[in-house]
Amino acid sequence: MAVQTAHPFPYTDRADAGRVLAGALERYRGGPGVLVLGLPRGGVPVAAEVAGALGAKLDVVVVRKIGHPRQPELAAGAVAEAGGAAAETWNGPVVNAWLAAAGPGGQAGLDAVLACEREELQRRARRFRGGRGVQELRGRTVIVVNDGIATGATMRAALEAVRKLDPAWLVAAAPMSCERTDALAEAANDVVIPWPDSGLPAVGSAYLHFGQTGEDEVRFLLGLV
């Protein structure tokens, strides 16, 4: 469900966006077993505001974009990990077109990128969970939060990884989306976006202040430092 709010856009920063998103998620406040999972790094400050407002626990679902070998800034897909479960999501026929354009060896190049992202995924999972165990997701209401949705590949990978751990109810939530998010409705039980189908060219365009979120800030918000 995408819900346009009366909040003036753009958002001031991720904390501001998180407070607005929390308002749109009010029906989940105080629910038994509600868990908020932020996507590192930029999704965690938003998720922290949501978790605090809803009285829910906070953790992470770690996701890495899979960039095309010749155009790394273009997302071919994403790989995600939640509680030891992993999932890969690809951007449909676009990937096939890129691989064809790459010529012989295109698949090998993409496989190499994927291997690197899997390794980085595991490193971040260790860093953002510290020595604590992973959260139990079975039977819980799980809200997956990012700071915005561009192509949707990152969020879809996160949802698919979480779904493998058998939550009772799965919510995809973000302060904004650049375009329609119909595919997310197939992966989640509920989709909550206060500023849906914004028409903006990038997630950062929805914010007055959209600086990089460092790993230390993520660890602080997760209570690891």
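Contact here means heavy atoms within 4.5 Å of each other. With that cut-off, and leaving aside neighbours within four places in sequence, Ser198 is in contact with Met176, Ser177 and Cys178. This is a predicted model, in which local features need pLDDT of at least 70 and side-chain atom pairs count only at pLDDT 80 or more, while totals for chains, interfaces and linings use all residues. Residues are numbered from 1 along each chain as its sequence is written, and side-chain values use heavy atoms, with hydrogens and water left out.

**The protein overall**

The protein has 7 helices and 8 strands; these are DSSP runs numbered from the N terminus, with helices (H or I) of at least four residues and strands (E) of at least two. Of its 225 residues, 50% are buried, a term that stands for under 20% relative accessible area, with exposed meaning over 50% and partly exposed in between (1.4 Å probe, protein chains only). If you look at contacts between residues at least 6 apart in sequence, 68% of them join residues at least 24 apart.

Ser198 sits in the loop between strand E8 (190-192) and helix H7 (215-221). Ser177 belongs to the loop between E7 and H6, and Cys178 is also found between strand E7 (169-173) and helix H6 (182-187).

| Residue | Relative accessible area |
|---|---|
| Ser177 | 0% |
| Cys178 | 11% |
| Ser198 | 19% |

Polar contacts come next: pairs of N or O atoms within 3.5 Å, where within protein one must be able to donate a hydrogen and the other to accept it, and residues adjacent in sequence count only if both atoms are side-chain atoms. A polar atom of the Ser198 side chain lies 2.8 Å from the backbone oxygen of Ser177, and the side chain of Ser198 also reaches the backbone nitrogen of Leu200 at 3.2 Å. The side chain of Ser177, in turn, has a polar atom 3.0 Å from the backbone oxygen of Glu179.

Beyond four places in sequence, Ser177 is in contact with Ile149, Ile193, Trp195, Pro196, Asp197, Ser198 and Gly199. With residues up to four places away again not counted, Cys178 touches a list that includes Ile149, Ala150, Ser198, Leu200 and Val203.

**Helix H1 and its surroundings**

At the start of H1, a side-chain oxygen of Asp13 comes to within 3.3 Å of the backbone nitrogen of Ala15. Because 8 of its 11 residues are buried, H1 is largely enclosed by the rest of the structure. The cover over those buried residues includes H2, strand E6 (141-145), E7 and E8.

How do H1 and H2 pack? The axes of H1 (residues 14-24) and H2 (residues 43-54) come within 7 Å and cross at roughly 40°; axes are lines fitted to C-alpha atoms, for helices over the stretch in contact, and angles run from 0 to 180 degrees between N-to-C directions. H1 and H2 are therefore oblique to each other, the class left once angles under 35 degrees (roughly parallel), over 145 (roughly antiparallel) and 65 to 115 (roughly perpendicular) are set aside. On the H1 side the contact is made by Arg14, Ala15, Ala17, Gly18, Arg19, Leu21 and Ala22, and on the H2 side by Pro45, Val46, Glu49, Val50, Ala53 and Leu54.
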